[in-house]
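Open the model in your viewer and keep the selection tool at hand. The stops below are meant to be taken in order.

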Amino acid sequence: MIRKLFLFFIPIFVLGACKKDPLGNLEAISYAPQAFTMPEMPYFFQKMEIPADNPMTVDGVALGRFLFYDPILSADSTIACASCHRQETAFSNNLKVAVGIEGRVGTRNVPSLANVGFNTKGLLWDGRVKALEEVALRTIADPLEMDFSVQGVVERLQAHPDYPERFRKAFGIKDTEDISGEFLGKAIAQFLRTLVSYNSKYDYANWDRGAETKFFSESELRGKLLFTTEPAINPYDPHPGCSHCHNNTALVTTNEFLNNGLDPAMEPGDFPDPGLGGITLRPIDYGRFKAPTLRNIELTAPYMHDGRFQTLEQVLEHYSSGGHFSYNVDVNIIAFPMSEQDKQDLLAFLKSMTDEKFLQENAFGNPF
Ligand code: HEC
Ligand code: HEC
């Protein structure tokens, strides 16, 4: 009888020691941060800049992943980050524009998050957010996306059976009360920085110096040449010159804010969406949007900040036509002739950037 009682009490005692005490003190849970190691990237990738006040740790990334996939972040607990940013489409989706809580329709297309951690020039289509740490906080409060408050999320996380322990392990907080929007933003940013894409055929061809033909078909090679030939080399023989803006290195973008001729405009007010101009209010910046990465572009239709083009063929026809004239259209948007063969070659090259490994990587998937 005594032995039975003893066995009965031991598990309760042990469990009790691991759980937080009623006042929310978490110090009994060990905090032993372990640096997160990024995978070895090809030589043509720069080193990612990690803010000194948010070093990546194994538990920080794990917490960020839970938060990214958890609808607890939205007012009615229906929308997670992953509802719009879906792994199978490179963390974009196939809707024209974003659809948030209660089916509310936004104004902009959901961008892919592949290699977002390398972008230091400004986030979102208009660059209005500078740090990855801030993105989640903005999204939670956006009435068309999650329509909640950071404080509201923090209260839910504090009362949650698992999150206090996860925040303790990630940031060494001492009490559930210490869970904050700042730590939430930091954890999500850590997870976002792990979303690296570098395993497409395009990468292997670049990686293995001088051995392009081993990987690329003839059509892909011709497409690459078209993509990278600058229009200015011979003004009488215009070329696509895509790489001028989506430059032909690791990121397949300069991340610059440019006007690629989508809308006719004689003055700032003529642009349906002001883009960068809405932030800086400088006339030259209206209608300028971030040139996005073209990685996994095959999967992220529809295209452009407002999802106006359904197919890559339509995108190519836009560029080939020279687009619309506006007072600040980029000088590199020049009409160029495009044969059916050129079009197929460009398409083949663009599709060589699809990274199956990125789309299937378990570490990026839903942890629940
Ligand atoms: C309702 C759909 C939706 C949800 C939910 C959503 N996003 Fe987004 N996300 C978007 C759209 C649309 C944009 C572009 C917004 C703009 O430019 O105005 C964007 C942009 C971003 C960017 C910038 C990417 C770049 O290259 O500039 C990041 C990072 C991001 N979201 C992360 C998140 C995180 C983290 C969450 C969850 C806290 C989240 N998103 C939830 C639709 C969504
Ligand atoms: C002057 C710079 C510039 C040049 C040259 C250029 N682009 Fe772009 N590209 C952009 C910008 C800026 C955007 C985003 C525009 C927007 O959404 O408002 C964009 C968007 C795109 C998109 C849509 C991406 C997405 O995620 O929705 C594709 C695809 C694309 N470009 C392919 C090309 C190809 C192929 C070429 C060559 C034929 C090319 N671009 C030439 C600047 C440029």
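Predicted model: local features only at pLDDT ≥ 70, side-chain atom pairs only at ≥ 80, totals over all residues.

**Stop 1: ligand 1 and its iron**

Select ligand 1 and find its iron atom. Which protein residue is the donor to this iron? The single donor from the protein is His-85, through NE2, at 2.1 Å. To place His-85 in the chain, look in the loop between helix H3 (81-84) and helix H4 (132-141). The side chain of His-85 also has an N or O atom 2.9 Å from a nitrogen atom of ligand 1.

Now show the residues around ligand 1. There are 28 of them, and the closest are Cys-81, Cys-84, His-85, Leu-124 and Lys-290. Select Lys-290 next: a polar atom of its side chain is 2.5 Å from an oxygen atom of ligand 1. Then select Arg-128, where a polar side-chain atom lies 3.2 Å from an oxygen atom of the ligand.

Colour the shell around ligand 1 by residue type, and it divides into 20 nonpolar, four polar and four charged residues.

**Stop 2: Leu-124**

Leu-124 sits in the loop between H3 and H4. Check its backbone: phi is positive, about 70 degrees, although Leu-124 is not a glycine.

**Stop 3: ligand 2**

- His-246 has a side-chain N or O atom 2.8 Å from a nitrogen atom of ligand 2.
- His-305 places a polar side-chain atom 2.6 Å from an oxygen atom of ligand 2.
- Tyr-319 places a polar side-chain atom 2.6 Å from a nitrogen atom of ligand 2.

**Stop 4: a cis peptide bond**

Select Ala-301 and Pro-302 and look at the bond between them. Is this peptide bond cis or trans? It is cis, with omega at about -10 degrees. Pro-302 belongs to the loop between S2 and H12.

**Stop 5: helices H2 and H6**

Finally, select residues 58-68, which form helix H2, and residues 163-171, which form helix H6. At what angle do these two helices pack? The angle is about 145 degrees, and the axes are 7 Å apart. H2 passes H6 in a left-handed crossing.

Show the side chains where the two helices meet. From H2, the contact uses Asp-59, Gly-60, Leu-63, Phe-66 and Leu-67. From H6, the residues are Tyr-163, Arg-166, Phe-167, Lys-169, Ala-170 and Phe-171. By type, the contact of H2 with H6 has seven nonpolar residues, one polar and three charged.

Terms used
Residues numbered from 1 in each chain as written. Chains lettered and ligands numbered in written order. Heavy atoms only, no water. Axes fitted to C-alpha atoms, helices over the stretch in contact; angles between N-to-C directions. Helix = DSSP H or I, 4+ residues; strand = E, 2+ residues; numbered from the N terminus. Left-handed = near helix turned anticlockwise from the far one by under 90°. Contact = heavy atoms within 4.5 Å. Nonpolar A, V, L, I, M, F, W, Y, C, P; charged D, E, K, R; others polar. Polar contact = N/O pair within 3.5 Å; in protein donor to acceptor, adjacent residues only side chain to side chain. Donors = N, O, S within 2.8 Å, 3.2 Å for Na, K, Ca; no water. Near = heavy atom within 4 Å.
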